Amino acid sequence: MRHMTLKTKLILSVSILLVFGFVLTNVNHYRVSTRSIRKNIVEHSLPLTRDNIYSEIQADLMRPIFISSLMANDTFLKDWAIGGEQDKGKVLRYLQEIKDQYGFFSTFFVSEQTGLYYHFKGVQKKLSRENDHDVWYYDFKSLNKPYDLVVDTNEAEENSLTIFINHRLNDYQGKLLGVTGVGLNMEMVADLLKSYRQRYDRDIYLVDRDGLIKVHNDQSLVDRVNIADQEGLGEVASQAVKIKPGSDALDFWRNGRHILLASRYIPEFEWFLFVEQDETTAIAEIRKSFYKNLLFDLAIILAILAVTAYTVNRFQSRLEEMATTDKLTGVCNRREFDRFFDAAVYLHKRQDASFSVILLDVDGFKTINDQLGHMAGDHVLKVIARLAGENIRQNDLVVRWGGDEFVLLVHNDLNHAWQVAERLRKQIRSQNMLAVFTNNGADESVTISCGVVSYEAGETQDQLMMRVDGALYESKKEGRDRSVAFPTIVS
């Protein structure tokens with residue numbers, strides 16, 4: 001790096017800035033875009049889809065609950081059961097009509113008195129507590145609920161996986177007569193979810209309050225897999241099955257893909273509706289655009305570097321002649337002050353080395369220019385610059401800040417800097433530097449006003465200069481020809 005030419009350093013710097021700038025811009029744009037997409041999914045798209053599907057599920061699956069409720073309140077079925085279940089053909093025809101009229105997979109009635117399982121195809125069997133397939137009946141009775149949904153195999157339909165809507169049938173005094181209801185083929189329900197998935201481009205399934213999957217387009221998961229055991233989803237399973245209104249979307253990773261999940265409790269089923277969206281897929285187009293932009297920016301960078309190299313070759317001599325000193329006074333310019341300031345801040349951090357800044361300007365400098373001419377003004381600036389240099393140490397700095405303003409960077413504390421300002425102020429006032437420009441050679445004293453501050457840890461150059469400018473303003477306000485330090489120093 002030490003042996004690089006100015007041209008090489010410049011081109012390398014421009015290259016780094018361009019690459020950093022373009023990459024940073026594209027990365028920032030990519031992040032903003034992905035955050036915007038995610039926000040839209042989480043706050044709008046996913047909840048809206050979830051609520052739409054919730055409404056459709058209620059419309060599609062509440063009908064069986066409603067029909068089973070009608071069956072449980074049907075006076076024919078009650079009277080038939082109370083009458084001793086005579087003429088079994090009547091109830092079988094009744095169940096057949098319900099099935100045909102509403103298109104259910106199964107309709108049934110289980111008698112509490114006889115234990116017989118009536119199916120639209122006929123009397124299937126007599127229930128027994130010892131039969132594992134009959135446990136559902138006794139479990140439902142113990143729940144003491146008007147209805148319940150159960151996913152089970154249907155013995156009457158070749159053990160097809162079925163959602164049963166079980167409803168209590170009570171007599172007119174509220175005594176249990178049995179359980180009636182309907183069955184929905186799981187394949188039909190899975191197809192229903194599949195249609196939702198195709199329409200909304202989301203994964204949709206239902207789980208119970210314990211996290212067990214109850215309805216899914218993959219029937220191998222139904223009543224066998226708990227969401228707590230699934231990759232990624234298991235980490236948020238406990239939050240997903242909490243009953244809370246307007247629940248926020250959850251997120252997790254599955255097979256390297258970021259998944260967003262919205263859930264909603266369906267009180268009629270006591271199940272949760274889960275709606276998943278693959279955010280990775282949603283931002284795929286943004287990612288492609290990001291890579292295209294990077295390639296396009298690379299082409300622009302190469303073009304800019306070519307132009308820069310041409311320009312540097314043409315104007316290199318001028319760039320190398322850029323000075324760090326003020327032509328009129330011979331002291332440093334503001335660019336050199338930046339370098340000294342950074343070095344002083346570094347020493348302050350590493351060695352706790354104090355440094356202070358003095359800002360001074362000439363009182364009534366415009367009057368000097370107007371009455372005695374610009375040559376007199378230039379002479380005053382040169383003398384002040386020389387005297388300022390004589391009053392500081394070798395490692396301190398004098399800078400012409402602009403016009404009639406000078407800045408002194410002093411490597412010491414506030415009190416020392418204020419003493420330097422006062423010494424310089426008195427010395428300048430004692431000079432008869434304008435005598436040669438007056439007609440009678442009379443003593444024309446020049447005075448300065450000074451503001452003094454000490455650097456505070458973490459302060460930027462702009463903040464420091466604002467403070468010292470405030471101190472100079474106070475000096476002018478108090479009558480000029482004085483030094484004011486912040487905080488105040490009593491002489």
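Both Phe337 and Trp401 are buried (under 20% relative accessible area, with a 1.4 Å probe and protein chains only). This is a predicted model, in which local features need pLDDT of at least 70, side-chain atom pairs count only at pLDDT 80 or more, and totals for chains, interfaces and linings use all residues. Residues are numbered from 1 along each chain as its sequence is written, and side-chain values use heavy atoms, leaving out hydrogens and water.

**Rings and charges**

Searching the whole structure turns up 17 aromatic pairs (ring centres of Phe, Tyr or the six-membered ring of Trp within 6.5 Å). The ring centres of Phe337 and Trp401 are 5.1 Å apart with planes at 85 degrees, so this pair is edge-to-face (planes over 60 degrees apart). Phe337 belongs to helix α9 (residues 334–351) and Trp401 to strand β13 (residues 397–402), so the pair ties together parts 64 residues apart in sequence; helices (H or I, at least four residues) and strands (E, at least two) are DSSP runs, numbered from the N terminus. Elsewhere, ring pairs join Phe108, Tyr117, Trp136, Tyr137, Tyr138 and Phe164 into a cluster.

**Helix α3**

In α3, Val91, Leu92, Tyr94, Leu95, Ile98 and Lys99 are buried. They cover an arc of only 155 degrees around the axis (from directions to the C-beta atoms), which puts them on the same side of α3. On the other side, Arg93, Glu97 and Gln101 are exposed (over 50%). After α3 comes Gly103, with a positive phi near 70 degrees.

Technical notes:
Phe/Tyr/Trp six-rings, centres within 6.5 Å; stacked < 30°, edge-to-face > 60°.
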